Amino acid sequence: MTPIISVANLSKTYGSGFRALNDINLEIRRGEIFALLGPNGAGKTTLISIICGIANLSAGKVTVDGHDINADYRAARSLIGLVPQELHTDAFESVWATVSFSRGLFGKPKNPAHIEKVLKDLSLWDKKDAKIVTLSGGMKRRVMIAKALSHEPQVLFLDEPTAGVDVELRKGMWEVVRALQAKGVTIILTTHYIEEAEEMADRIGVINKGEIILVEDKAGLMQKLGKKRLKLYLQQKVEAIPPALAPYHLELSGSGCELTYNYDTKGERTGITSLLSDLRNAGIRISDLDTSQSSLEDIFVSLVRAP
């Protein structure tokens with residue numbers, strides 16, 4: 001399937017000489033939810049701004065559904081809805097007026113039925129006549145999404161969409177995002193909430209220091225890089241891990257009453273059997289144990305810390 005967004009050899013260098021993006025190559029599949037993760041200053045917002053036509057690229061090429069963002073700017077931009085990090089709305093306009101105005105900016109004819117549906121989908125219908133200035137931060141964020149959807153885009157960029165939004169509203173937005181995907185909208189999400197990517201995304205991209213360091217299906221990423229963790233609860237406190245157990249790289253916690261062992265599920269041997277035997281030989285008795293899979297956050301941290 002032809003990707004809906006194609007980024008080839010994209011670089012961005014500012015006048016100061018700072019290179020914000022370095023030779024980015026990325027393809028976004030039609031209809032997927034793609035999460036772009038990275039620490040502050042990694043280049044996430046710069047990349048989105050270039051694709052959306054807000055910033056100029058220094059080198060490379062970007063197409064949206066086959067339309068070059070430079071040579072065919074209007075066609076490319078009309079396919080995109082953008083919800084930026086910062087809230088930019090006319091504070092004294094009504095919700096209805098500001099969303100309707102956004103549709104007009106793209107040359108779309110008036111369509112009150114579509115605007116009504118968007119507002120209802122985002123639980124904003126009862127606020128349609130309210131001035132933006134009277135809304136909560138979470139409601140203002142929903143208005144930004146409504147504005148981005150007003151012209152019926154095929155691609156929706158959500159740049160930190162739930163920053164400053166309470167947990168209930170965040171869950172509500174996840175439901176909206178899933179509904180949009182079900183209708184065929186492609187969604188690119190940047191977020192600091194790793195659980196958001198873990199919950200929502202089909203694929204994960206990690207950007208660090210202006211370079212894409214990984215793009216992977218979420219399930220494949222979890223399987224490839226995720227490790228399992230065995231937590232051992234001790235019958236008696238130990239002051240230090242015996243030298244004989246050093247090869248297992250155990251972590252002592254819980255005031256000396258817990259040991260943690262990390263192992264690779266894809267390895268030929270997990271080492272658990274020999275670990276339990278060596279613990280017995282060292283006089284350490286276990287009262288209980290449990291296992292857990294490393295989270296996407298654990299994987300992300302290990303990736304961006306890697307040299």
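Predicted model: local features only at pLDDT ≥ 70, side-chain atom pairs only at ≥ 80, totals over all residues.
Colleague: Which residues in α3 and α4 meet?

Modeller: From α3 you have V95, W96, V99, S100 and R103, and they meet P112, H114, I115, E116 and L119 of α4. The residues of this contact split into six nonpolar, two polar and two charged.

Colleague: On to the strands. How do you know that β1 and β2 pair?

Modeller: Pairing takes at least two bridges, and β1 (residues 5-13) has six with β2 (residues 19-28), so they qualify. The two run antiparallel, and V7 stands opposite L26 in β2. They form a hairpin with five residues between them, and G17 in the turn has a positive phi of about 100°.

Colleague: And what makes β3 and β8 a pair?

Modeller: The test is again at least two bridges; β3 (residues 33-37) and β8 (residues 186-190) have four, so they pass. These strands run parallel, and T190 in β8 is the bridge partner of L36.

Colleague: What is the strand order in the open sheet?

Modeller: The six strands go β6-β7-β8-β3-β9-β10, with mixed pairing.

Colleague: Why are β6 and β10 the edges?

Modeller: Each has a single partner strand, so one side of β6 (80-83) and one side of β10 (211-217) is left without a neighbour in the sheet. From one strand to the next, the twist averages 15°.

Colleague: Which helices pack against that sheet, then?

Modeller: Helix α1 (residues 44-51) packs on it, touching β3, β6, β7 (155-159), β8 and β9 (203-208). The direction of α1 makes about 150° with that of β7. Helix α5 (residues 137-149) lies across β6 and β7, running at about 165° to β6.

Colleague: What makes α1 "mostly covered"?

Modeller: Seven of its eight residues are buried, and buried means under 20% relative accessible area. The buried residues are K44, T46, L47, I48, S49, I50 and I51. Just after α1, G53 takes a positive phi of about 80°.

Colleague: Why point out the phi of D23?

Modeller: Most residues other than glycine have a negative phi. D23 is not a glycine, yet its phi is positive, at about 55°. You'll find D23 in strand β2.

Colleague: Why is D23 called partly exposed?

Modeller: Its relative accessibility is 42%. Buried would need under 20% and exposed over 50%, so a value in between counts as partly exposed.

Colleague: Where does D65 lie, and how does the cut-off treat it?

Modeller: D65 lies in the loop between β4 (59-64) and β5 (67-68). With a relative accessible area of 28%, D65 is partly exposed. D65 also has a positive phi, about 50°, although it is not a glycine.

Key
Residues numbered from 1 in each chain as written. Heavy atoms only, no water. Contact = heavy atoms within 4.5 Å. Nonpolar A, V, L, I, M, F, W, Y, C, P; charged D, E, K, R; others polar. Axes fitted to C-alpha atoms, helices over the stretch in contact; angles between N-to-C directions. Buried < 20%, exposed > 50% of the residue type's maximum accessible area, 1.4 Å probe, protein only.
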